[in-house]
Amino acid sequence: MRGYHPLTPVPEAALQASLTARLAVVLDTASPDHDTLHFPAEVFLSLLAAATDTVTHDAVEVQADAENRYDNLDPFAAHLRAAAEDERLPPLRVLILHRRQLVIMEETEFWAFCGGPAPYGDSFTASFYTEPATAERLEQAIAAACARLRISIDARIQGADRPVPTWRRRLAGILPGRLGPSRPRSD
């Protein structure tokens with residue numbers, strides 16, 4: 001999906017870095033070779049490689065989970081490949097940086113654990129946030145990575161051009177200055 005879905009919150013770090021283009025790759029967890037949820041780790045790693053090949057960068061940070069972080073894709077890939085296949089999970093997020101500035105952010109959406117609206121269903125969705133000028137190159141690189149892996153792209157969906165504000169942001173716009181820590185009342 002290119003663009004934004006109303007039920008997908010945009011990470012604050014992406015907004016702060018002006019990464020306003022979103023490309024979401026929905027990774028289906030159903031596989032005829034597996035009887036349980038399946039995370040296609042090699043596909044995911046290929047998507048990350050495509051993303052890093054798209055931009056000039058000098059650092060990659062992988063937040064695998066609450067406790068495990070990696071400062072490079074290689075140790076994360078080794079960790080993922082070493083795990084039992086039924087225990088492999090995508091990272092929470094991947095930050096691709098150049099001169100300490102975020103140039104691409106991948107945020108995983110774990111729809112596989114709760115189900116989700118179309119087109120997500122029971123998937124792991126890799127949402128890539130980048131600058132609009134980089135978005136088309138990123139989409140082409142991801143499509144080429146899928147072609148190399150002989151993976152078909154079932155559909156290309158156009159979402160909203162801009163992030164859909166969360167209910168908190170909409171409420172904050174309606175009631176400016178009224179949200180925040182409570183203040184003692186002086187009656």
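Predicted model: local features only at pLDDT ≥ 70, side-chain atom pairs only at ≥ 80, totals over all residues.

Biologist: OK. At what angle do helix 2 and helix 3 cross?

Modeller: Roughly 175°. The axes of helix 2 (residues 41–54) and helix 3 (residues 73–82) come within 11 Å. Angles over 145 degrees count as roughly antiparallel, so helix 2 and helix 3 are roughly antiparallel to each other.

Biologist: Which residues meet there?

Modeller: From helix 2, A41, E42, L45, L48 and T52. From helix 3, L73, F76, A77, L80 and R81. By class, that contact has seven nonpolar, one polar and two charged residues.

Biologist: New topic. How many aromatic pairs are there?

Modeller: Three. One of the aromatic pairs is F39 with F124, and it is edge-to-face. The centres are 5.4 Å apart, with 85° between the planes.

Biologist: Which parts does that pair tie together?

Modeller: F39 lies in the loop between strand 1 and helix 2, and F124 lies in strand 6, so the pair links parts that are 85 residues apart in sequence.

Biologist: Are F39 and F124 buried or exposed?

Modeller: Both are buried. F39 and F124 also form one aromatic cluster with F44.

Biologist: Now the strands. How many bridges join strand 2 to strand 4?

Modeller: Five, and the two strands run antiparallel. For V62, the bridge partner in strand 4 is V94.

Biologist: And what about strand 2 with strand 3?

Modeller: That pairing is antiparallel, over two bridges. Q63 stands opposite R69. A hairpin of five residues joins strand 2 to strand 3.

Conventions. Residues numbered from 1 in each chain as written. Heavy atoms only, no water. Axes fitted to C-alpha atoms, helices over the stretch in contact; angles between N-to-C directions. Helix = DSSP H or I, 4+ residues; strand = E, 2+ residues; numbered from the N terminus. Parallel < 35°, antiparallel > 145°, perpendicular 65-115°, else oblique. Contact = heavy atoms within 4.5 Å. Nonpolar A, V, L, I, M, F, W, Y, C, P; charged D, E, K, R; others polar. Phe/Tyr/Trp six-rings, centres within 6.5 Å; stacked < 30°, edge-to-face > 60°. Buried < 20%, exposed > 50% of the residue type's maximum accessible area, 1.4 Å probe, protein only. Pairing = 2+ DSSP bridges.
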